[in-house]
Amino acid sequence: MRSIRFLPSRLRGDGFGAVLARGAGGAFFAQSAALGVGFGLHLTLARALGADSYGVYSYAFAWIALLAFLCRLGLGTGIVRLLGEAQ
């Protein structure tokens, strides 16, 4: 209990743990906000399009997401390898 009460004072420092905790908290907040906004947009889109049209949109978007994921596989290591060869 004592360590929780003094947590805000520990986050004000310049140490590695304080910087890491502030960064993790900020990232958690940003991802939570993005998730909430995305849910709201999908809900609004579903209401505007209707059930059938939103189903077609969802199906097409799922395929695009899958194909984009497959296109990115190995891209990071491939870029590192090919840039080393080019130089």
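Predicted model: local features only at pLDDT ≥ 70, side-chain atom pairs only at ≥ 80, totals over all residues.
Reader: What makes up the fold?
Author: The protein chain has five helices and zero strands. Its pattern is α-α-α-α-α. Helices (H or I, at least four residues) and strands (E, at least two) are DSSP runs, numbered from the N terminus.

Reader: How do you know that the span of H3 agrees with its number of residues?
Author: The expected span is 1.5 Å times one less than the number of residues. H3 covers residues 16–49, 34 residues, so it should span 50 Å; its end C-alpha atoms are 49 Å apart, which agrees. Gly50 follows H3, with a positive phi near 95°.

Reader: What about helix H4?
Author: H4 has 22 residues (51–72) and reaches 31 Å from first to last C-alpha, close to the expected 32 Å. Gly74 follows H4, with a positive phi near 80°.

Reader: Why is Tyr54 called buried?
Author: Buried means under 20% relative accessible area, exposed over 50%, partly exposed in between (1.4 Å probe, protein chains only). Tyr54 has 19%, so it is buried. Of the 87 residues of the protein chain, 3% count as buried.

Reader: Why is Tyr59 called exposed?
Author: Its relative accessible area is 56%, so Tyr59 is exposed. Tyr59 lies in helix H4.

Reader: How many aromatic pairs does a search of the whole structure find?
Author: Three. One of them joins Tyr54 and Tyr57, at 5.8 Å centre to centre with 35° between the planes.

Reader: Why is the pair of Tyr54 and Tyr57 called tilted?
Author: Rings of Phe, Tyr and Trp (its six-membered ring) pair if their centres lie within 6.5 Å; planes under 30 degrees apart count as stacked, over 60 as edge-to-face and the rest as tilted. At 5.8 Å and 35°, Tyr54 and Tyr57 form a tilted pair. Both lie in helix H4, three residues apart.

Reader: What makes Tyr57 and Phe61 a stacked pair?
Author: Their centres are 5.8 Å apart and their planes 25° apart, which gives a stacked pair. Tyr57 and Phe61 are four residues apart in H4, so about one helical turn separates them. Tyr57, at 31%, is partly exposed. Phe61, at 47%, is partly exposed. Tyr54, Tyr57 and Phe61 form one aromatic cluster.

How values were computed:
Residues numbered from 1 in each chain as written. Heavy atoms only, no water.
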